[in-house]
Amino acid sequence: EGETKLSWTWPMITRRTCRVALGGVVPRSAAACRHAAVEHAAARRFATEGSEERDNAPSWRANGQSALERSGWKPTGDLSDQSHIPQVKVHARDGRQKKKVLVLCTGGTLTMAPDPSLNDGLAPVEGALSQWMQQMEELQQSEMPDVQVHEYSPLLDSSDMGPCQWARIATDIHENYLSFDGFVVLTGTDTMAFAASALSFMLENLGKPVIFTGSQIPLCEPHNDARHNLIMSLIFASRDSVNEVAIFFHDRLLRGCRSTKVNTHRLLAFDSPNLLPLANVGITIDEEEHLLLPQPRGQLRVHTEMDTRLLTIRLCPGFDDSVVKYAVEHPDSELRALVLQLYGTGNLPSVKKEFLDTLKRATDRGVLVVATTQCLSGSVVLGHYAVGHALEAAGVVGAADMTVEAACSKLAYLFGRGDLDNEEIARLMPVSLRGEVTPPEERSRSAVPFAERFGPYSFKTRGRFRGSSFHVPEYVP
């Protein structure tokens with residue numbers, strides 16, 4: 001019992017309380033042991049006793065299976081007689097107590113190789129990831145966690161993935177939650193921000209790291225970013241301080257429901273415009289402890305039903321609003337939500353009175369209309385201009401500084417719950433459920449991340465300890 005101060009070689013993260021090796025032998029405190037015991041006891045009670053809590057729990061297993069049966073996408077092996085999914089060990093254990101990380105591979109550029117039948121076009125290679133990882137000497141080091149790999153079949157391009165596949169991933173994390181200390185999800189970059197946002201809402205009370213990553217260059221190439229992204233994701237997946245879904249790419253760890261893809265060719269492909277990175281990787285690993293979500297207070301719950309009857313429209317000058325009118329007023333329309341990407345802080349042409357009337361009729365018909373901004377950074381403030389007041393009068397709800405990926409995923413999650421009406425969902429949209437939106441009391445300082453990134457002229461010098469930040473930038477008017 002008790003925490004012991006240990007000194008380790010790189011890679012490590014220095015914390016305020018103690019120094020621990022990433023993925024190495026970590027002495028557990030009495031509180032951590034009690035937390036593990038309570039978690040284990042709760043899991044056994046949930047699995048063996050026919051309690052009221054179990055009877056009232058969401059039927060994630062049945063819902064997830066039905067969705068997967070419709071999709072036809074499934075992992076290899078029979079899951080009915082196993083406690084967890086089939087896995088491939090990367091290396092034999094050396095007898096030391098080490099963190100355990102499960103890698104769930106769905107496909108993507110990282111797993112691809114030139115295919116002669118496609119004129120050397122890139123295509124996923126099943127089974128190749130396990131072989132490559134078994135040959136990676138970095139994973140054999142004592143500081144690294146024990147790694148087990150599961151590859152889904154067939155491997156998919158991320159553009160082919162959607163709620164059914166995300167439900168499968170969430171279900172597998174739930175099934176293996178007590179067997180591993182963290183999870184890494186390998187997927188393509190095109191829809192990674194959508195997948196990470198969706199998993200953030202699917203996994204309620206998540207108390208372990210779920211790290212999404214991929215690459216711009218396949219792992220089989222001599223020069224690639226896949227190796228670095230994979231290794232750093234495994235390191236962060238073995239961290240006790242990360243209790244959320246995140247994306248690691250290039251040199252930064254980003255909150256999953258705050259991320260968006262910003263570049264198709266550069267290695268720095270993702271950014272979190274309205275929130276600083278959770279961690280930056282250079283010579284040291286600078287972890288922003290004040291940004292990380294705290295440990296949850298409840299038991300992990302999985303929500304696999306996502307209601308995707310929503311439509312996203314990005315406005316452009318001179319647009320024909322009859323398309324929107326047809327979508328929301330057609331008698332056969334089952335539309336539940338309309339996400340509008342508006343100009344600036346939430347503006348549209350004030351002369352389009354008919355379009356405002358269309359939005360009012362949509363809300364009267366039970367369609368929830370949500371306003372987001374086309375700007376990469378910043379927030380929607382509907383009351384800032386006169387047209388914004390008109391939108392509010394029409395029943396439009398502002399999404400604050402959420403990304404489009406987070407707004408769509410949040411709507412699909414809230415509608416999929418089945419226990420909320422439109423008024424309740426509209427009230428929850430600007431409320432932070434998984435750290436996806438800046439709280440209203442802090443929104444006035446939303447310029448801090450932007451100014452620090454592009455021109456910190458009005459900020460005090462930011463200081464750091466090695467491996468951990470200790471000073472939050474203070475705004476100077």
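Modeller: Let's begin with helix 11, which is mostly covered: 12 of its 14 residues are buried. This is a predicted model, where local features need pLDDT of at least 70, side-chain atom pairs count only at pLDDT 80 or more, and totals for chains, interfaces and linings use all residues. Residues are numbered from 1 along each chain as its sequence is written, and side-chain values use heavy atoms, with hydrogens and water left out.

Colleague: What makes a residue of helix 11 buried?

Modeller: Buried means under 20% relative accessible area (exposed is over 50%, partly exposed in between; 1.4 Å probe, protein chains only). Among those that pass in helix 11 are V404, E405, K410 and F415.

Colleague: How do you know that the span of helix 11 agrees with its 14 residues?

Modeller: The expected span is 1.5 Å times one less than the number of residues. For residues 404-417 that gives 20 Å, and the end C-alpha atoms are 20 Å apart, so the two agree. G418 follows, with a positive phi near 80°.

Colleague: Why is helix 5 called oblique to helix 6?

Modeller: Helix 5 (residues 163-175) and helix 6 (residues 192-202) pack at about 50°, with axes 10 Å apart. Angles under 35 degrees count as roughly parallel, over 145 as roughly antiparallel, 65 to 115 as roughly perpendicular and the rest as oblique, so helix 5 is oblique to helix 6. Their contact (heavy atoms within 4.5 Å) includes W166 and I169 of helix 5 and F194 and L199 of helix 6.

How values were computed. Helices (H or I, at least four residues) and strands (E, at least two) are DSSP runs, numbered from the N terminus. Axes are lines fitted to C-alpha atoms, for helices over the stretch in contact, and angles run from 0 to 180 degrees between N-to-C directions.
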